[in-house]
Amino acid sequence: MKRQSVFLLLSCLSLAILPATYQRAEARSSTVPPQTTVAEELLTVPGQTGQGGGRLVLSLRAEPKTLNPVTATDASSREVILGAMQADLVHINRATQLTEPALAKSWRVSADHLQYTLILRKGLRFSDGQPVDADDVLFSFRVYLDENVHAPQRDLLILGGKPITVRKENAWTVVFQLPQPYGAGERLFDGFAILPRHLLEKPYTEGKLAQTWTLATPAKEWAGLGPFRLKEYVPGQRLVLERNPYYWKQDAKGNRLPYLEELDFLFVPNADAQVLRFQSGETDAISRLGAENFAVLARQQRGYTMADAGPGLEYNFLFFNLNDLGEQVPPEIRRKQKWFREVKFRQAVSAAIDRDAIVRLVYQGRGAALWGPVTPGDRRWVDASLPHPQRSLERARQLLKEAGFSSSGKAEDDAALVDSEGQPVEFSILTSSSSAERTKMATLIQDDLKQLGMRVQVTPLEFRSLIDRVTQTKEYEASLFGLASFDADPNSDMNVWLSSGGTHLWNPSQAHPQTAWEAEIDRLMEEQLETSSYEQRKKVYDRVQEILAENQPMIFLASPHILAGAKNSVGHFRPAVLEPYILWNVEQLYWRSGTERAAQ
Amino acid sequence: MRPPGVSQSAADPRAPSTAPLSHLDATLIKNRGGLQLSFCVVALALLHGVIACAGFFAPYSPETQDRDSAYLPPPRLHLVDAQGHLRLRPFFYGYQARGDSFGEWQEDRTKPVSLQFFTSGPRYHLFGLVPCRVHLFGAESGRIYLLGSDAFGRDQLSRILYGGQISLLAGLLGASLTLLVGACVGTTAGYYGGWRDAVLMRLAELFAVLPWLYLLLGLRAFLPLAVSPLEAFLLVILVIGAVGWARPARLVRGMVLSARERDFVRAARGFGASDGYLLRRHILPATSNVLLTQAAILVPQFVLAEMTLSFLGLGVPEPVPSWGNLLANLQQYSVLASYWWMYLPALAIVPFFLGYLGLASALQERDNPYKIPEVSLGRPE
């Protein structure tokens, strides 16, 4: 009864909002919107249809730093911008993990895989009513490619050291010329939001693009091609988006999407507080849930549905400091590096770790044990033939013995492992203090390695100082980290596997690969980058995974499932394992009517 | 003239309440104070004894993980089995996982497990010295988690007992250090006076206003990144001791100031007693009561300080337990909402705190048995 009345109230509210919105849309468009005679080529989304209206409230872990897709690097900005406010030419469907047409209705690839010809949808408009054409595409890529803009996506447009070139064939056709074949093909275009030239060209030419489109931007000065557009920003509290009346998708019945009238993001900085807000009904959906909080919500089931989308793309791993260290680093660390560089030492540590216990105790069973960087969630790229050795302390002891380590031979429970010089094996593992899950993993590993006689200390550090130690000062012995690929494709992790990459965590930004196997990985990653056949690329990437498993520069541990929840009345709620987990189909989300809910 | 033994207040309700107590009342109060004092001392001795012999009272090592028994609730102890037979030994039913869900358990009624007393178990060192294997109790088969288990399947009771060793020792050592420094500084300032007094008391004021948490964070930054549990423990004591000395120092200074002007002290000085003799024989004994009372107040305060530091992750690191880092688990909402036995470390401190605070109030009462009692002044006119 109460729910019905709430729904009624919401319907009334949406009715009240609708005319106001249309008036505002008219007000916006009355200033400039040119009348075009070109018919709109909308994309029809197949499947079940929904109902329009209503407001969906979500929580964000942090306030977005910007609404500018060119300069956004933080997770919150990217979630809001890419999830709800912008659109790209070709899009990766987060459910199927395959590409599908978006602003480009079709594309052609030349025989040499160097030329992509994209045909744009005609008659599209930005959220302020201005038309979209090839010039906006050209402008967007000019901005992304400009070194002075420092767009984080720029690296993806540089292949073999040379940039991609873009030219306009006609008002609806754009040709991308690649300097060398690109293995992932049209996936390249995902994530490159098309920018409104009429709003951004001036700040760009004046060199003020980075300062444009901050959160304080008035709604009328902001425009995008996503399902929602900016309505209001209340500092420290919320960001309110409203329906984009010019959005280019429609449902099977021809209703223009999105269904929702408004999308609100509340800024809730703490994961537990997010759970409480969701529990109390203040927010309508929640994602990025930890397994323990998921279990609490699933147990209570107060009018919401919890969904486990399966293993995501996040992989957690332990790695040792393998950097070539200078004199400024304490000699203690340099002494310990002799052990860390010994591959059998790393293999022994890997053999002693109880990954099943990590999955069970850290993720409450909602995770997958890992022996390589590709999680089971990345269905197309995981190397199924990679060995999954069970935990074996005997094998670990054997490997350590072969590497010259021995037990100091006191009573069994006090026995300490010593190296060939008689030094006890002791090291510390740095983790992020904000991640209870990783600290828990490190505590389990501490106990696992104690059984080999290693004395391990777990040191939780504030995340920024952890990053600083690992990538800048390099004053650490071992660290437990997690990375999440942004796409289910090997190219998204280029920066991690290439020895010159900044995220090649165990020894970042090398001028030349330090070891033969790192050189081999470099070669293979470059090879897969240029290969266009999926089968060939898969073969090459499988080899990369095998080399990583043999050499254990990262000791892969586990991958958590993607866990989310929403009120029962949210229709089309289907979380995916790729980001943005619950917003990927935000244009299709809708509020179910009372009868529909009853039928369900 | 009033007859002896009748208090002024009883004779005349409108008499001023500053009148001295009757002899009988004073004796009663003294006796009651003495009783409270003895009770607190005995109770605290017992409680500390249990913590000191944690190895004996705890069935397991606090660090041993049983990964198949994470978040196991405390078992119910029974004396009557399913058939209605009375058993001599208490027993419990083991738990088995309920379905596939994690952390949900149900009793396995088919397998009663008896509790055994004075059993042989994991090796430990009694008082940190004597190797021993006898434990007060244990399970006939498998493990018993009398107060439940934590996220890693570690016995919560064992962790509370061993954790108490760290927290109480930090409190006791911290308080000793504080009182030692406080007594030295206070005596020097009070006895010698002059510029020494001015310098030391200004220093005490400076220390009294230091934000100790930030001081600790600052100190932590100078130390190597990974500190061993022992180093972390010593650091905690050092910080607690270094910051807390100001108040006892000011109190002792006051006592010394008044004691050194007493007639018998002046007389002793007149007869040629040295400073050392005066301090040892006349002045420091006068401060002993203040110091004892301060100790009884400072110990629980410093136990709490250690708990705060460990709660924030600045105390002893995992896997060594302390009451603070046991409570740190409650920072997670899921633990707070799902596992009530994780609150138990918070209850463990209650008897200790009551004991110490009772002791402090008894000591204070002993110092001042002639304090003014509450007196009814009759109905207002």
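**Ground rules.** I number residues from 1 along each chain as its sequence is written, and chains are lettered from A and ligands numbered from 1 in the order in which they are written. The model is predicted, with local features needing pLDDT of at least 70 and side-chain atom pairs counting only at pLDDT 80 or more, while totals for chains, interfaces and linings use all residues.

I looked up strand E11 (residues 228-234) and strand E12 (residues 238-243) of chain A, which run antiparallel and are joined by six bridges. Helices (H or I, at least four residues) and strands (E, at least two) are DSSP runs, numbered from the N terminus. Two strands pair if DSSP finds at least two bridges between them. I found Val234(A) opposite Arg238(A) of E12(A). Three residues lie between E11(A) and E12(A) in this hairpin, and Gly236(A) in the turn has a positive phi of about 75 degrees.

**Entry 2, an open sheet.** In chain A I traced four strands in the order E5-E6-E10-E9, with antiparallel pairing. Strands E5 (104-109) and E9 (165-170) of chain A are at the edges with a single partner strand each, so one side of each has no neighbour in the sheet. Neighbouring strands here are turned by 25 degrees against each other on average, direction ignored. Axes are lines fitted to C-alpha atoms, for helices over the stretch in contact, and angles run from 0 to 180 degrees between N-to-C directions. Five bridges pair E6 (residues 115-120) with E10 (residues 173-177) of chain A in the antiparallel sense. Thr117(A) stands opposite Val175(A) in E10(A). Helix H3 (residues 134-145) of chain A packs on the sheet and touches E6, E9 and E10 of chain A; its direction makes about 175 degrees with that of E9(A). Contact between two residues means that their C-beta atoms, placed from the backbone, lie within 7 Å.

I list 23 residues from chain A and 19 residues from chain B in the contact. On the side of chain A that touches chain B, at least two residues each come from several elements, including helix H5 (271-279) and strand E22 (455-461) of chain A. H11(A) gives the largest share of that side, six residues. The residues of that side divide into ten nonpolar, nine polar and four charged. Ala, Val, Leu, Ile, Met, Phe, Trp, Tyr, Cys and Pro count as nonpolar, Asp, Glu, Lys and Arg as charged, and the others, Gly among them, as polar.
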